[in-house]
Amino acid sequence: MKKLSTLKKSLVMALSVASFSMASVSATQAATAMNEVTAASQSKISLEQALALANKAVKGDIISADFDQEDRNENSHYDIKIVTNNNEQEVSVNANTGKVTKGDTERLDKEDLAEYKAMKQAKVSLSQAIKKANQTLKGKVLEVEFDIDFGKPVYKVEIGKGNQIHKVVVDCMTGKITRSQVSDVDRDD
């Protein structure tokens, strides 16, 4: 009976540690997302401006962009991927100064090339998808990317507003919003 009691104590302790660890990870993720929304809102360069700056430095088709916060805003930047001549060029735009830095270039593989060709067939541009997704929210666009979602070409747009991240899926052919999801990023949750 004593061994069973010790086993129960060990099990309860292990479950408690696991629950605390999961709660801590969840709180850390929420704080990171909230800090990112705040940092993006305070940056001097918007995602749309960063796209224009990146495309000026590297001519091609933008396939994705996202805000990346580092060091309390000082090194916050947008990571942008541009396809040119079947190569994917990474470009970084400083969110406060607008300084553009070119990163790695890699050749598109067959899967990426197929996705890129699907994007080239789209009737809605990446910029139009951003505008459509943010039409009623008037938040800060944090991320946009082209993707094949359930066999259909779409743009996925993340918008931060207040204590929420709105994930919006825009159909590339019609411009209609096909899905929208809201996540709370409040630290107290």
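Glutamate 88 is buried, with a relative accessible area of 11% (buried means under 20% relative accessible area, exposed over 50%, partly exposed in between, with a 1.4 Å probe and protein chains only). Glutamate 88 sits in strand β3. This is a predicted model, in which local features need pLDDT of at least 70, side-chain atom pairs count only at pLDDT 80 or more, and totals for chains, interfaces and linings use all residues. Residues are numbered from 1 along each chain as its sequence is written, and side-chain values use heavy atoms, with hydrogens and water left out.

**Glutamate 88 and its contacts**
- Leaving aside residues up to four places away in sequence, glutamate 88 touches Ile63, Lys81, Ile82, Asp104, Thr105, Glu106 and Leu108 (contact means heavy atoms within 4.5 Å).
- Glu88 is also one of the lining residues closest to the centre of the largest pocket.

**Fold and confidence**
- The protein has 4 helices and 8 strands (helices are DSSP runs of H or I with at least four residues, strands are runs of E with at least two, numbered from the N terminus).
- From the N terminus on, the order is α-α-β-β-β-β-α-α-β-β-β-β.
- Buried residues make up 35% of the 189 residues.
- Among contacts between residues at least 6 apart in sequence, 45% join residues at least 24 apart.
- The average pLDDT is 83, and 77% of the residues score at least 70 (pLDDT is the predictor's confidence in each residue, from 0 to 100).
- Over residues 18-34 the pLDDT is below 50. Beyond near neighbours in sequence, that stretch has 8 contacts in the model.

**Strand pairing around β3**
- Strand β2 (residues 77-84) and strand β3 (residues 87-94) pair in the antiparallel sense over 8 bridges (two strands pair if DSSP finds at least two bridges between them).
- β3 also pairs with strand β4 (residues 100-107), in the antiparallel sense, over 6 bridges.
- Glutamine 89 of β3 stands opposite isoleucine 82. Glutamine 89 also stands opposite threonine 105 in β4.
- In a regular strand, side chains alternate between the two faces of the sheet.

**Turns and positive phi**
- The β2–β3 hairpin has 2 residues between its strands, and asparagine 85 in the turn has a positive phi of about 50 degrees.
- Asparagine 86 lies in the loop between β2 and β3. Its phi is positive, near 60 degrees, in a residue other than glycine. Asparagine 86 is partly exposed, at 32% relative accessible area.
- The β3–β4 hairpin has 5 residues between its strands, and glycine 98 in the turn has a positive phi of about 85 degrees.
- Lysine 138 is in the loop between α4 and β5. Lysine 138 has a positive phi near 55 degrees and counts as exposed, at 63% relative accessibility.

**Helix α2**
- Leu47, Ala50, Leu51 and Ala54 are buried in helix α2 (residues 47-57).
- These residues lie on the same side of α2, because they cover an arc of only 105 degrees around the axis (the arc is that of the directions from the helix axis to the C-beta atoms).
- The buried residues of α2 pack against β1 (61-68), β2, β3, α4 (126-133) and β5 (140-149).

**Largest pocket**
- The largest pocket holds about 250 Å³ of space (a pocket is an open set of points on a 1 Å grid over the protein atoms alone, where a 1.4 Å probe fits, with protein on both sides within 12 Å along at least five of seven lines; the volume is the space filled by probe spheres set on the points, which are joined across faces, edges and corners).
- Of its 17 lining residues, the closest to the centre are Ile63, Ser64, Glu88, Glu115 and Phe146 (lining residues have an atom within 4 Å of a point).
- β1, β2, α3 (110-120) and β5 each supply at least two lining residues. β5 gives the most, with 5 residues.
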